[in-house]
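Dear colleague,

I am passing on the model we spoke about, with notes on what was found in it. Please read them with the coordinates open.

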Amino acid sequence: MKPVPVATALESRTRQSFQYSREIQKPYGELEKVLEWCKDELYREWRWQLIETSGSNSPGRYCFYFDDELEFTAFLLKWS
């Protein structure tokens, strides 16, 4: 996992400031795989937002935001 500079970790951006976004649904326990992949594979800025928590009968809904078109495309190919 790449280290995140303290200044970057403390900066906050609104979701509207990202050029690309995608909502995905994942069952309970699967979000961690997505987050680990993003941490390992993405180099430009990205964020995620919890839309709806997962339950025993329904997947969780999460929205991911990206600056880079290639990284957004890679995310789509991997997780959509």
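E45 counts as partly exposed because its relative accessibility is 27%, where buried means under 20% relative accessible area, exposed over 50% and partly exposed in between, with a 1.4 Å probe and protein chains only. E45 forms a salt bridge with R47, with 3.2 Å between the closest N and O atoms; the term stands for a side-chain nitrogen of Lys or Arg within 4 Å of a carboxyl oxygen of Asp or Glu. R47 is likewise partly exposed, its relative accessible area being 25%.

Please keep in mind that this is a predicted model, in which local features need pLDDT of at least 70 and side-chain atom pairs count only at pLDDT 80 or more, while totals for chains, interfaces and linings use all residues. Residues are numbered from 1 along each chain as its sequence is written, and side-chain values use heavy atoms, with hydrogens and water left out.

The pLDDT, which is the predictor's confidence in each residue from 0 to 100, has a mean of 87 over the protein chain, and 82% of the residues reach 70 or more. Over residues 6–10 the pLDDT is below 50, and beyond near neighbours in sequence this stretch has one contact in the model, a contact being heavy atoms within 4.5 Å. Where pLDDT is low, the predicted coordinates should not be read in detail.

As to the overall fold, the protein chain has three helices and three strands, which follow the pattern α-β-α-β-β-α when read along the sequence; helices (H or I, at least four residues) and strands (E, at least two) are DSSP runs, numbered from the N terminus. Buried residues make up 30% of the 80 residues in the chain. Among contacts between residues at least 6 apart in sequence, 68% join residues at least 24 apart.

Which residues touch the most other members of the largest nonpolar core? They are V34, C38, W46, F64, F66 and F75, out of 15 residues in that core, which is a set of buried Ala, Val, Leu, Ile, Met, Phe, Trp, Tyr and Cys residues joined through side-chain atoms within 4.5 Å. At least two residues of the core come from each of β1 (20–26), α2 (31–41), β3 (60–66) and α3 (69–79), and the largest share, five residues, is supplied by α2. Leaving aside residues up to four places away in sequence, F64 touches a list of residues that includes Y20, I24, L31, V34, L35, C38, W46 and F75.

W46 lies in strand β2 (residues 46–52) and counts as buried because its relative accessibility is 16%.

The structure holds six salt bridges. One of them joins the side chains of E23 and R61 (2.6 Å, N to O), and this pair links distant parts of the chain, since E23 is in strand β1 and R61 in strand β3, 38 residues apart. E23 counts as partly exposed at 35% relative accessibility, as does R61 with a relative accessible area of 26%. A network of salt bridges links E23, E52 and R61.

The side chains of R44 and D68 also meet in a salt bridge (3.3 Å, N to O). R44 lies in the loop between α2 and β2 and D68 in the loop between β3 and α3, so the pair ties together parts that are 24 residues apart in sequence. R44 counts as partly exposed at 45% relative accessibility, whereas D68 counts as buried at 19%.

K26, placed in strand β1, deserves a separate look: K26 is buried yet has no salt bridge, and the nearest side chain of opposite charge, E30, is 6.2 Å away, with Lys and Arg counted as positive, Asp and Glu as negative, and His and the chain ends not counted. Not counting residues up to four places away in sequence, K26 touches L31, V34, S54, P59, G60, Y62 and W79.

With regards
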